[in-house]
Amino acid sequence: MQLKPNAYRLQETVRGVETMSRFALAVLALASGVYTYLGVRGLLDGSASFVFFAAIIYSAAVSVAIYAFWTYMMRFVPLVTSAAQRLALFATMAIGCGMIIAMSSWLNAAALAGSAALEQHMAVTLQGYAEDLDKAHANALASQSLLPDVQRAAERFAGLAQDERESGALTGTQGSGSVVQLLTQMSAQMNQLGTTISGSRSEVASLFAQGSERLAAMRELVSTPGTIEPRTDGFQAEAVQLSAIIAALQQTDVAASVKRASADLAAGFIAPIADGQSADLANRQDRVMETVRASVAAQSAALTAAADEILATPAVEPRRYVPLSSAEAVIRYWSDFIPSWAGAISIDLLPVVLVLVLMIVHDAMRRETETLDADDTITAAEMLRAMALYRRMETAGMAPAEPLRPAPAESAPQPEDPLPAVATSEEAIVTPIDSAQRKRGEGQRPA
């Protein structure tokens, strides 16, 4: 019959792989303990001996807990047949898996991908600092966009003063009078404002060059292979210097100064007294100076609006580099290290597969043995043990008496060698065979 050998082979196979299952479970628990030790070592502070012994004790506790938990699951889950009890065991197994992940898997992930996660943290921080430097540089250069307008206004006032001096283009009378003096004064103020704006350009360029050097040093620390702790310390020092440079860049913004200077052009406008020798010339000088006042007011309003637009740009918020431990970095950037998380969790939860395999195999054995008769399931060893037990019972006089055979009819021919009859009495004594045997021709044995 095919069912009997198959069930028997399944049972023998389960017994055969039991040692392998224990060995595999022990190796997985040991591997998880080793990576847990590497992960927890980076979280502890103190002396080297304290960190070592504390990490060893924790990792040993994790290994023992994992081995004991999965041993219990592999023993009990395949033997339970009730649906409610099996669901209860599955719920218990789910709780245990969650506890294993909480106490071991994330530390395993920290050991597997801790250095890479810290490099990822430095790279993300470096990108933020680069954006801050570019933004601060752009804000500082935005004030430089006011320089062409200021220079254009200075040239215009200077040109009008020259035309008035040479040909009297404004008042109709050439020479250096009050109008020329006023126009020359406005041109000088505009040139002074332009000098202030252009003077900050060299400082902005110098600070941006220093910031670029700090960024290059930080990029080298991120990409250079080696131990991660010294690189993290160097990165933090460079980040502090770069933050100072970004703050200095924001201080070089002259937009506020330009706004104040342009407002002073209109508010502090002082027109000289008309110095014309005739009343008509003085009247014309007053009208030209009023025109210059209106032009200066318009120029002041334009510069103030441009400066307000620049000042409305959000300032760069100071950024601070926060060093992380390897475990914290792995948790923060978990989406970038999914393969490492999968490997760390698989080390701890791989025995789930073994539990399910054993459960399926035991269910298959139970289903197959239910269809077999008792005679089909008994083995030769069991039969020999049953016969030996029967002999001991027979010797002790506890064997059940065999039923009497019916007596043969008188007309029936008697066999030449009749078998000895078994006498049945109240004591259930078996008649010895040699006393019941008779020789041929001695007649019938007594009934």
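Eight salt bridges are counted in this chain, a salt bridge being a side-chain nitrogen of Lys or Arg within 4 Å of a carboxyl oxygen of Asp or Glu. The structure is a predicted model, in which local features need pLDDT of at least 70 and side-chain atom pairs count only at pLDDT 80 or more, while totals for chains, interfaces and linings use all residues. Residues are numbered from 1 along each chain as its sequence is written, and side-chain values use heavy atoms, with hydrogens and water left out.

The chain holds 14 helices and zero strands, where helices (H or I, at least four residues) and strands (E, at least two) are DSSP runs numbered from the N terminus. Read from the N terminus, the order of elements is therefore α-α-α-α-α-α-α-α-α-α-α-α-α-α. Of the 447 residues, 32% are buried; buried means under 20% relative accessible area, exposed over 50%, and partly exposed in between (1.4 Å probe, protein chains only). Contact here means heavy atoms within 4.5 Å. Among contacts between residues at least 6 apart in sequence, 79% join residues at least 24 apart.

Helix 3 (residues 83-142) packs against helix 6 (residues 228-251) at an angle of about 15°, and the two axes are 10 Å apart. Axes are lines fitted to C-alpha atoms, for helices over the stretch in contact, and angles run from 0 to 180 degrees between N-to-C directions. The angle makes helix 3 roughly parallel to helix 6; the classes are roughly parallel under 35 degrees, roughly antiparallel over 145, roughly perpendicular from 65 to 115, and oblique for the rest. The crossing of helix 3 and helix 6 is left-handed, a term for the near helix being turned anticlockwise from the far one by less than a right angle, with right-handed for clockwise. Among the residues that meet are L118, M122, Y129 and D132 in helix 3 and F235, L242, I246 and L249 in helix 6. The residues of this contact divide into 13 nonpolar, six polar and three charged. In this classification Ala, Val, Leu, Ile, Met, Phe, Trp, Tyr, Cys and Pro count as nonpolar, Asp, Glu, Lys and Arg as charged, and the others, Gly among them, as polar.

The axes of helix 3 and helix 10 (residues 338-349) come within 8 Å and cross at roughly 135°. Helix 3 is therefore oblique to helix 10, and the crossing of this pair is right-handed. The contact includes I100, I101, W106 and L112 of helix 3 and W341, I345, D348 and L349 of helix 10. By class, 11 residues in the contact of helix 3 with helix 10 are nonpolar, five are polar and one is charged.

Because D132 lies in helix 3 and R319 in the loop between helix 8 and helix 9 (326-332), the pair ties together parts that are 187 residues apart in sequence. D132 is buried at 10% relative accessible area, whereas R319 is partly exposed at 36%.

Two further salt bridges lie within single helices. E12 pairs with R15, with the closest N and O atoms 3.3 Å apart; these residues are three apart in helix 1 (residues 3-41) and so are separated by about one helical turn. E12 is partly exposed, at 32% relative accessibility. D363 and R366 form a salt bridge with a closest N and O separation of 2.4 Å, and these two residues are likewise three apart in helix 11 (residues 351-370), about one helical turn. D363 counts as buried at 18% relative accessibility, and R366 is partly exposed at 23%. Salt bridges with shared partners also join E18, R22 and R75 into one network.

Both D363 and R366 are in contact with R86, a residue of helix 3. R86 is buried, with a relative accessible area of 15%. Leaving aside neighbours within four places in sequence, R86 is also in contact with V77, P78, V80, T81 and M359.

A307 lies in helix 8 (residues 279-311) and is buried, with a relative accessible area of 0%. A307 and A142 are 165 residues apart in sequence, yet 9.2 Å apart in space, C-alpha to C-alpha. Beyond neighbours within four places in sequence, A307 is in contact with L146, A255 and K259.
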